[in-house]
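Trainee: Hi! I'm new to this one and would like a friendly tour. Could you bring it up on the screen?

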Amino acid sequence: MEQVNRIAEQAEETRLLRDNMSRVKNIIMVMSGKGGVGKSTVAVNLALGLAKMGKSTGILDIDIHGPNVPKMLGVDDQQLFSSDEKRIIPLESSPNLKVVSLALAGYEPERPIIWRGPIKMNVIKQFLKDVEWGELDYLVIDTPPGTGDEPLSICQLLPDMAGTIIVTTPQEVANLDAMKSVSFARELKVPIIGIIENMSGFVCPNCGSVSDIFGKGGGKAIAERFKENFLGELPLDPRIMQGGDSGRGFISDSEGPAGQAMTAIIEKIIAGVDTKSA
Ligand SMILES: Nc1ncnc2c1ncn2[C@@H]1O[C@H](COP(=O)(O)OP(=O)(O)O)[C@@H](O)[C@H]1O
Ligand SMILES: [Mg+2]
């Protein structure tokens, strides 16, 4: 009897979760095989760019062990609140942009969290079911590196998501891991919106010349090999790092090469997924 109740409870939870998320038109998960390749940077600037274009946007940080999104949006000193004991109200970091992360839920940045798979799955479920996202054009989900519990939970809980963006850097080792992400998405039947090559050439802040410190073309080569969409390259540029540390993003730097490259990437992403919003 207890087991029957548990199954009924789970079915009801899934129904509530899908119901809540059905108000979001396009869900995009950003992933990569490696850490430090720029997933959070891409996720944050994609969300900032969409919001700036007038799209109603959310960003969900499911990197439970290293939630960087609030810092990158300059809201890491703030907290999430709930309307009652069941609903969580997302933080509005700027017009059109709602943010949810464990770093906004009383998480202490200096203290590592040691959680196992099922607990992580429950936290992610809560972020999808109990957060009052409202009507959104886009929800961008930032994930931890690799093909572990967190991206797997998202794929299982949101089978209708618009798709995933895979971020890689030009070197061989990163590309091997990016291939795993491609296989992961294919196995789970999640559409691949495209691949981004980050840190693709160093732009000298003094003279503007470009040096390919980590090589070049690895992301494009993977896209060609797997017949996936190549979304573009982002340069290795100190302004990108400063945008992250300062909480402003670099997308607002519309004059600089990085800001321009990201804007072009966002336009391709919109063209690739915007099937549900008129
Ligand atoms: N193209 C780039 N140029 C300069 N710094 C970058 C670039 N991409 C990312 N960074 C910086 O590298 C660090 C790691 O990026 P992050 O987005 O946190 O990676 P991930 O989420 O994949 O672990 C951050 O400090 C970020 O600002
Ligand atoms: Mg990250």
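Predicted model: local features only at pLDDT ≥ 70, side-chain atom pairs only at ≥ 80, totals over all residues.

Trainee: Thanks! What volume does the largest pocket have?

Mentor: About 410 Å³. On a 1 Å grid over the protein atoms alone, a pocket is an open set of points with protein on both sides within 12 Å along at least five of seven lines, a cavity is a set where a 1.4 Å probe fits but cannot get out, and lining residues have an atom within 4 Å of a point. Of the 23 residues lining the largest pocket, the closest to its centre are Gly 36, Gly 38, Thr 41, Met 72 and Met 199.

Trainee: And which helix gives the largest share of that lining?

Mentor: That is α8, with five residues. Residues 39-52 form α2, 69-72 form α3 and 238-246 form α8, and each of these supplies at least two lining residues.

Trainee: Back to the ligand. Which residues are closest to ligand 1?

Mentor: Gly 36, Lys 39, Thr 41, Asn 198 and Pro 235 are the closest of the 15 that surround ligand 1, counting residues with a heavy atom within 4 Å of it. The largest share of this shell, three residues, comes from α2.

Trainee: What about polar contacts?

Mentor: Those are pairs of N or O atoms within 3.5 Å. A polar side-chain atom of Thr 41 lies 2.5 Å from an oxygen atom of ligand 1, and a backbone N or O atom of Ser 40 is 2.9 Å from an oxygen atom of the ligand. On the nitrogen side, a polar backbone atom of Asp 237 is 3.0 Å from a nitrogen atom of ligand 1.

Trainee: How much of ligand 1 does the protein bury?

Mentor: The protein buries 81% of the 560 Å² that ligand 1 exposes when taken alone, using the Shrake-Rupley method with a 1.4 Å probe.

Trainee: New topic: how many cavities of 30 Å³ or more turn up?

Mentor: One, in a search of the whole structure. The largest cavity has a volume of about 40 Å³, and its lining includes Thr 41, Met 72, Ile 240 and Phe 250.

Conventions:
Residues numbered from 1 in each chain as written. Chains lettered and ligands numbered in written order. Heavy atoms only, no water. Points joined across faces, edges and corners; volume = space filled by probe spheres on them. Helix = DSSP H or I, 4+ residues; strand = E, 2+ residues; numbered from the N terminus. Polar contact = N/O pair within 3.5 Å; in protein donor to acceptor, adjacent residues only side chain to side chain.
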